[in-house]
Amino acid sequence: MALAYDQLKSDQPLCAGTRKAGQQCNGTLYRCGECGARGCKQNQGTCTEQAFDVLDTCRKCGAHAMRAAG
Ligand SMILES: [Zn+2]
Ligand SMILES: [Zn+2]
């Protein structure tokens with residue numbers, strides 16, 4: 001019996017933003033415990049849906065309250 005395609009995909013939510021080179025990010029998503037901003041963690045300006053910089057600082061509110069998005 002074949003598995004449904006959805007069952008093969010990870011439960012981990014992935015970033016749907018676009019990288020500089022134009023491909024989908026697919027980075028791990030995080031959530032800000034302060035303002036609720038949601039996105040991936042990247043070097044500044046790498047992804048359109050980036051929410052945190054490499055020092056875990058929220059780009060929206062500046063807090064260091066990064067949580068797993070799931
Ligand atoms: Zn925030
Ligand atoms: Zn991303």
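Guide: Two strands pair if DSSP finds at least two bridges between them. Helices (H or I, at least four residues) and strands (E, at least two) are themselves DSSP runs, numbered from the N terminus. This is a predicted model, in which local features need pLDDT of at least 70 and side-chain atom pairs count only at pLDDT 80 or more, while totals for chains, interfaces and linings use all residues. Residues are numbered from 1 along each chain as its sequence is written, and chains are lettered from A and ligands numbered from 1 in the order in which they are written.

Visitor: What makes β1 and β2 a pair?
Guide: Three bridges join β1 to β2, and a pair needs at least two, so the term applies. The two strands run antiparallel. Leu29 has Cys40 in β2 as its bridge partner, and Tyr30 has Gly39. Five residues lie between the strands of this hairpin, and Gly36 in the turn has a positive phi of about 85°.

Visitor: Which strand pairs with β1 in the antiparallel sense over three bridges, besides β2?
Guide: That strand is β4, residues 66-68. Here Cys32 stands opposite Met66.

Visitor: What is the order of the strands in the open sheet?
Guide: The order is β3-β2-β1-β4, four strands with mixed pairing. The edge strands are β3 and β4, as each pairs on one side only.

Visitor: Why is Gly45 called exposed?
Guide: A residue is exposed if 12 or fewer other C-beta atoms, placed from the backbone, lie within 10 Å of its own, buried if 20 or more do, and partly exposed in between. Gly45 has 10 such neighbours, so Gly45 counts as exposed. Gly45 is found in the loop between β2 (38-41) and β3.

Visitor: Which way do the residues of β1 point?
Guide: Leu29 and Arg31 point one way, Tyr30 and Cys32 the other way, and all are buried. In a regular strand the side chains alternate between the two faces of the sheet.

Visitor: What makes up the largest nonpolar core?
Guide: A nonpolar core is a set of buried Ala, Val, Leu, Ile, Met, Phe, Trp, Tyr and Cys residues joined through C-beta atoms within 7 Å. The largest one here has ten residues, including Leu29, Tyr30, Cys32, Ala51 and Phe52. At least two residues come from each of β1 (29-32) and β3 (50-52), and β1 gives the largest share, three residues.
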